[in-house]
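Good morning, and thank you for coming. Please look at the structure on the screen while I go through it.

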Amino acid sequence: MIRFVFRLLATISLAVAVILAVLDATRSVAMSKLVLAPLGESWKTLSPASLESVRAAVEGRWPLLWDIVAMWLLSAPGSIVFAVLAFLLYAVGHRPAHRGGLAAQ
């Protein structure tokens with residue numbers, strides 16, 4: 001059951017990564033140069049209130065976490081962040097291959 005949840009979250013993360021990559025590709029074609037929108041910019045465009053509430057919550061409890069980790073993640077391209085997240089979630093939820101012993105041969 002837990003593996004299913006991780007694989008479902010990996011699929012959702014991969015879908016978000018593809019959507020963000022398509023948006024970046026559209027912007028790149030329109031501007032005739034490579035454009036990779038940062039995750040923070042995409043989040044701010046989609047829902048500025050939720051970004052601000054997450055910032056306030058994290059900064060209130062762990063200000064160093066916001067300054068170092070969150071700012072680094074928010075400045076990275078969103079499609080890459082979600083693609084890496086999808087890979088990590090799938091790796092956690094991956095079912096190991098069945099290795100048959102002598103009885104299986």
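Phe 4 belongs to helix H1, where helices (DSSP runs of H or I, at least four residues) and strands (runs of E, at least two) are numbered from the N terminus. With a relative accessibility of 46%, Phe 4 counts as partly exposed. The cut-offs here are under 20% relative accessible area for buried and over 50% for exposed, with partly exposed in between, using a 1.4 Å probe and protein chains only. Phe 4 and Tyr 90 are 86 residues apart in sequence, yet their C-alpha atoms are 9.6 Å apart in space.

A word on the source. This is a predicted model, in which local features need pLDDT of at least 70 and side-chain atom pairs count only at pLDDT 80 or more, while totals for chains, interfaces and linings use all residues. Residues are numbered from 1 along each chain as its sequence is written, and side-chain values use heavy atoms, with hydrogens and water left out.

Let us return to helix H1, which also holds Ile 19. Is Ile 19 buried or exposed? Ile 19 counts as exposed because its relative accessibility is 52%. From Ile 19 to Gly 78 there are 59 residues in sequence, but 9.9 Å in space, C-alpha to C-alpha.

Next comes the loop between H1 and H2, where Ser 32 is found. Ser 32 has a phi near 60°, a positive value in a residue other than glycine. In general, most residues other than glycine have a negative phi. Ser 32 is also exposed, at 68% relative accessibility.

We now reach helix H2, residues 39-46, in which Leu 39, Gly 40 and Ser 42 are buried. Why do these buried residues line one face of the helix? Seen down the axis of H2, they fall within an arc of 165°, so they share one face; the arc is that of the directions from the helix axis to the C-beta atoms. On the other side of H2, Lys 44 and Thr 45 are exposed. Which elements cover the buried residues of H2? The cover includes helix H1 (2-31), helix H3 (48-61), helix H4 (63-75) and helix H5 (78-93).

Consider Ser 42 of helix H2 in particular. Its relative accessibility of 18% makes Ser 42 count as buried. Leaving aside residues up to four places away in sequence, Ser 42 touches Leu 20 and Ala 37, a contact being heavy atoms within 4.5 Å.

Finally, the chain as a whole. How many helices and strands does the chain have? There are five helices and zero strands, and the pattern along the sequence is α-α-α-α-α. The chain has a radius of gyration of 18 Å, whereas a compact globule of 105 residues would have one near 13 Å; this radius is taken over C-alpha atoms, and the globule rule is 2.2 Å times the number of residues to the power 0.38. Along the principal axes, the C-alpha atoms fill a box of roughly 60 × 40 × 20 Å. Of the 105 residues, 22% count as buried. Among contacts between residues at least 6 apart in sequence, 69% join residues at least 24 apart.
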